[in-house]
Amino acid sequence: MRAFRAIPALILTVLTFVSCGGKEDAIDDSGITIGDGIGTHAVSLEIQIAEELKRHIADGADPKQSYLIEYHLAADNIKTARSIVAWGNENGFTPNFDEATVVKGEWIDVDLIKESKLEVNPLWRDIKGVTSLAEKLMCEYEGWGFSDTP
């Protein structure tokens, strides 16, 4: 697995890992809902997302504001990078990828960007979709982050 590169300061990056668990519904004292009908997989991922969102809200992020959420992937070849871009376009993301910057033999970074509020369920669904894509294409999912500027 390749080393994680630094991301610009405006992006708050959170590495997430998919794991399985039973479905549970819970609302904690911050009002963040866990398990709102998303299925039996990934309650622990939901909890990770909720905990991260609580930290950002405590640091001043506005849960009612929309942010640009970025999902970071890396491909080892141009064909895979193009497949990531195509999937992103088909699934409501704006891909950030410049084929002109590709250097032969180096990893190719592709970001899939979507405007969203800081809510667990939409983030969970997007992470699940992106991680499934990474598994299918055998590329690397490096995590997600958000920018203050929608």
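Predicted model: local features only at pLDDT ≥ 70, side-chain atom pairs only at ≥ 80, totals over all residues.
Two strands are said to pair if DSSP finds at least two bridges between them.

Lys117 lies in strand E6, which covers residues 108-117. In this strand, Ser66 stands opposite Lys117. The strand that pairs with E6 here is E4, residues 66-75; the two run antiparallel and are joined by 10 bridges.

Lys117 and Tyr67 are 50 residues apart along the chain, yet their C-alpha atoms are separated by 5.9 Å. When neighbours within four places in sequence are left aside, Lys117 is in contact with Pro63, Lys64, Gln65 and Ser66. Lys117 has a relative accessible area of 35%, and because this value falls between 20% and 50%, the residue is classed as partly exposed.

Strand E6 has a further partner. Strand E5, residues 94-96, pairs with E6 in the antiparallel sense over three bridges. Within this pairing, Thr94 has Ile113 of E6 as its bridge partner.

The last step leads to the interior. In soluble globular proteins, nonpolar side chains tend to be buried together. The largest nonpolar core of this model holds 29 residues, of which Tyr71, Leu112 and Trp144 touch the most other members. Two or more residues of this core come from each of helix H1 (43-58), E4, helix H2 (78-90), E6, helix H3 (120-137) and strand E7 (140-147). The most is given by H3, with seven residues.

Notes
Residues numbered from 1 in each chain as written. Heavy atoms only, no water. Helix = DSSP H or I, 4+ residues; strand = E, 2+ residues; numbered from the N terminus. Buried < 20%, exposed > 50% of the residue type's maximum accessible area, 1.4 Å probe, protein only. Contact = heavy atoms within 4.5 Å. Core = buried A, V, L, I, M, F, W, Y, C linked by side-chain atoms within 4.5 Å.
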